[in-house]
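Try each task first, then compare your steps with the solution.

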Amino acid sequence: TLATACGSRSRSVKRTISVSASATIKAKPNLANFSFGVSKNGASASQALTANTETMRRVIAVIKKEGVAARDIQTQNVNVSPITNSSGSITGYSASNSVSVDLHEVLKAGRLITQVTAAGANLESGPTFSLANTDLAYRKALNAALDKAHASAASMATHVGLSLGKPASIKEGAQNVTPIFAALNRAAPKAQALGAVPVQRGQIDVSASVTVVYSAS
């Protein structure tokens, strides 16, 4: 956008060129989030909860053994509910317990799934891959957007016979980071005897946008 403005006294003409630009860079994720859980049945609520607790303790121990710190494990939900038949009579109870896990060593994602399932987890979702800190990647995208804005403005100025000046104003757009959802809400199969579950982490898109107004003469 090329704009001009005339002062009432000096009659000088102030010209500006306004451009908008965006850029996206790809970054390798360094954080994988999972939900691991255990569901157990029992004749009574206490039996179901006891069976669930024993298995869940093994699952959490395996998660920690795989290098996940206690601060990266958080209980999501503990639930005990009756099991009824078609006539509505209670035939037993079901207890479930799930935890959210942040795995920083993302290349261990497949191994973690395999080991946790072998320990008795039968409710799983994830991994969701993301960046633990988006600042560096976002700054790169932001700088790339600024470079594109300058290139566009310079091209416009040259085309209409003007000399491009310095930025008069810069407006930053919204940051956008697109996480990768590898799998969602699946029932965990029995773990295979050998080898880890194949998991590909891919890359994450980090986007930035700017609107820059340049002076021109």
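**Exercise 1.** Which residue in S5 is the bridge partner of Ser39?

*Solution.* Before starting, note that this is a predicted model, in which local features need pLDDT of at least 70 and side-chain atom pairs count only at pLDDT 80 or more, while totals for chains, interfaces and linings use all residues. Residues are numbered from 1 along each chain as its sequence is written, and side-chain values use heavy atoms, leaving out hydrogens and water.

Step 1: find the elements, which are DSSP runs numbered from the N terminus (helices are H or I with at least four residues, strands are E with at least two). S3 covers residues 31–42 and S5 covers residues 90–103; the two pair in the antiparallel sense over 11 bridges. Pairing here requires at least two DSSP bridges between the strands.

Step 2: look up the partner. Ser39 is bridged to Ser96 in S5.

Step 3: check the other pairing of S3. With strand S6 (residues 123–130), S3 forms 6 bridges, also in the antiparallel sense, and Ala32 has Phe129 as its bridge partner in S6.

**Exercise 2.** Identify the largest nonpolar core and the elements that build it.

*Solution.* Step 1: apply the rule. A nonpolar core is a set of buried Ala, Val, Leu, Ile, Met, Phe, Trp, Tyr and Cys residues joined through side-chain atoms within 4.5 Å. Buried means under 20% relative accessible area, exposed means over 50%, and partly exposed lies in between (1.4 Å probe, protein chains only).

Step 1: the largest such core has 23 residues, and Val19, Ala149 and Val206 have the most contacts inside it. Two or more residues each come from strand S2 (13–27), helix H3 (135–159) and strand S11 (204–216). H3 gives the most, with 8 residues.

Step 2: zoom in on Val19. Leaving aside residues up to four places away in sequence, Val19 touches residues including Ala149, Met156, Val210 and Tyr214, where a contact means heavy atoms within 4.5 Å.

Step 3: a further core of 21 residues lies apart from this one, with Phe36, Val99, Val106 and Ala121 among its members.

**Exercise 3.** How many salt bridges does the model contain, and which residues form them?

*Solution.* Step 1: count every side-chain nitrogen of Lys or Arg within 4 Å of a carboxyl oxygen of Asp or Glu. The count is 3.

Step 1: Lys26 and Asp205 meet at 2.7 Å, N to O. Lys26 is in S2 and Asp205 in S11, so this pair ties together parts 179 residues apart in sequence.

Step 2: Arg111 and Glu66 also meet at 2.7 Å, N to O. Glu66 is buried, at 7% relative accessibility.

Step 3: Glu105 and Lys108 meet at 3.5 Å, N to O.

**Exercise 4.** Where is the pLDDT below 50?

*Solution.* Step 1: pLDDT is the predictor's confidence in each residue, from 0 to 100. The chain mean is 89, and 87% of residues reach 70 or more.

Step 1: below 50 you find residues 183–194, a stretch with 19 contacts in the model beyond near neighbours in sequence. Where pLDDT is low, the predicted coordinates should not be read in detail.
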